[in-house]
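Here is a short briefing on ring contacts and strand pairing, written to be read alongside the coordinates. Take a look at the structure, then work through the points below.

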Amino acid sequence: MMKQYIEEADQVLMHTYSRFQIVLDKGEGVYLFDTDGKKYLDFAAGIAVFALGYGNHEYNDALKSQIDQILHTSNLYYNVPAIEAAKKFCKASQMDRVFFTNSGTESIEGAVKLARKYYYKKHGRADSEIISMNHSFHGRSMGALSVTGTKKYREAFEPLIGGVVFAEYNNLESVKALMKENTCAILLEPVQGEGGLYPADKDFLEGVRKLCNDHGILLILDEIQCGMGRTGELFAYQHYGVKPDILTSAKALGCGVPVGAFAATEEVSSAFEPGDHGTTYGGNPFATAAVNKVFELFDQNKVVQHVNEVAPYLTYKLDELASQYDFILDRRGMGLMQGLEFSFPVKDIVTMAMDKGLIVISAGANVLRFVPPLVITKAHVDEMVTILEQCLKAIH
Ligand SMILES: *Cc1c(COP(=O)(O)O)cnc(C)c1O
């Protein structure tokens, strides 16, 4: 059955992924099932998306009732779920205004456009430059790719949009060296995800914020992966006490419904005027009903508090593995966004784990990434470690 699905898929889907050879069909809590009925413990959450786990009835019911009410209106009119979601998002992110998108990539596009427009309005010139980071990941569209500092994603698609330069992450001097009169913004992830699970150093983030203040330029924080409770604060920047001027979100924001957001302070938001930016679907009642329910359930189930209860245990267990196996070089991350760096590519471990009923993913070639649903318990951590150890022993 599964084999046949995969054969069919390989005929009709574009070959942009080397997919693992399973077809996922159903989810329950923190477990997934393939079309052959095999069960997997999920430590990937659809790449840091399904924070609440699968089959949450309250979440599902909210979506079902929104479907019966109204799915889409376009942004030519107001709709109630979007207004509610905007209030919740602004409160949670401590930003003043928000624009809802359909993906992380689009949130980055919007953030870059807003930064450019802000500069244009302030200086009357369209020559602004953005400083982004090496090994960053911000998405795959031409604009988002242009600020992504990873050569293998970019190379074949150049020329990309201009006015972007790249600094070394966690190296303030390298950022300073790129500062110019026409720098309009510095863009970074508080915890680099795809780049290998690197949290920003406190000094670095504070230094970047000061640089922005001193030169009147904008700090854009990409919290698409590290936001929405994953690190043990609703947004990772809250660990640092360093507030961005523009913040991007997506992934767990809709917990499975495609939705993203970029938000900004009043002053920065005011650079946008009617006609500057738009989207047909973005912030539609269906997507924003999901956002509303996610925030409600985060509150009701104290999800962030739960992350802070379970994350130290995951960290402890991963540190233990790192000390036991020579070929594990490092454990890095924050909260339930963790990575183990190996001295070799982790693809075989990922495949072996899957055979044994555990879904984990990589971040780059050598880093095993742990971004489970935020509702996992210590027992799930133990279950994960037991399977992972079987894999580690097999390759030892
Ligand atoms: C996933 C991701 C994106 C892109 O989001 P999509 O929803 O895939 O478009 C951008 N930035 C970061 C940090 C991400 O993790």
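**Rings, charges and a buried strand**

There are 12 aromatic pairs in the structure, which is a predicted model.

**Aromatic pairs**
- Phe 89 and Phe 235 pair edge-to-face, with 5.7 Å centre to centre and 70 degrees between the planes.
- Phe 89 belongs to helix α4 (residues 80-93) and Phe 235 to the loop between β10 (218-222) and α10 (237-240), so this pair ties together parts that are 146 residues apart in sequence.
- Phe 89 and Phe 235 are both buried.
- For Tyr 325 and Phe 327, the ring centres are 5.5 Å apart and the planes are at 45 degrees, so that pair is tilted.
- Tyr 325 and Phe 327 are buried as well.
- Phe 89 and Phe 235 also belong to a cluster, linked by ring pairs, that includes Phe 100 and Phe 295.

**Charges over rings**
- Arg 140 places its charged end over the ring of Tyr 153, 4.2 Å from the ring's centre.
- Arg 332 has its charged end over the ring of Tyr 198, 3.8 Å from the centre of that ring.

**Strand β7 and its partners**
- In strand β7 (residues 183-188), six of the six residues are buried, so the strand is largely enclosed by the rest of the structure.
- Strand β5 (residues 129-133) pairs with β7 in the parallel sense over three bridges, and Glu 129 stands opposite Thr 183 of β7.
- β7 also pairs with β10 in the parallel sense, over four bridges; here Leu 188 is opposite Leu 221 in β10.

How values were computed. Residues numbered from 1 in each chain as written. Predicted model: local features only at pLDDT ≥ 70, side-chain atom pairs only at ≥ 80, totals over all residues. Heavy atoms only, no water. Phe/Tyr/Trp six-rings, centres within 6.5 Å; stacked < 30°, edge-to-face > 60°. Helix = DSSP H or I, 4+ residues; strand = E, 2+ residues; numbered from the N terminus. Buried < 20%, exposed > 50% of the residue type's maximum accessible area, 1.4 Å probe, protein only. Lys NZ or Arg CZ within 6 Å of the ring centre and 35° of its normal. Pairing = 2+ DSSP bridges.
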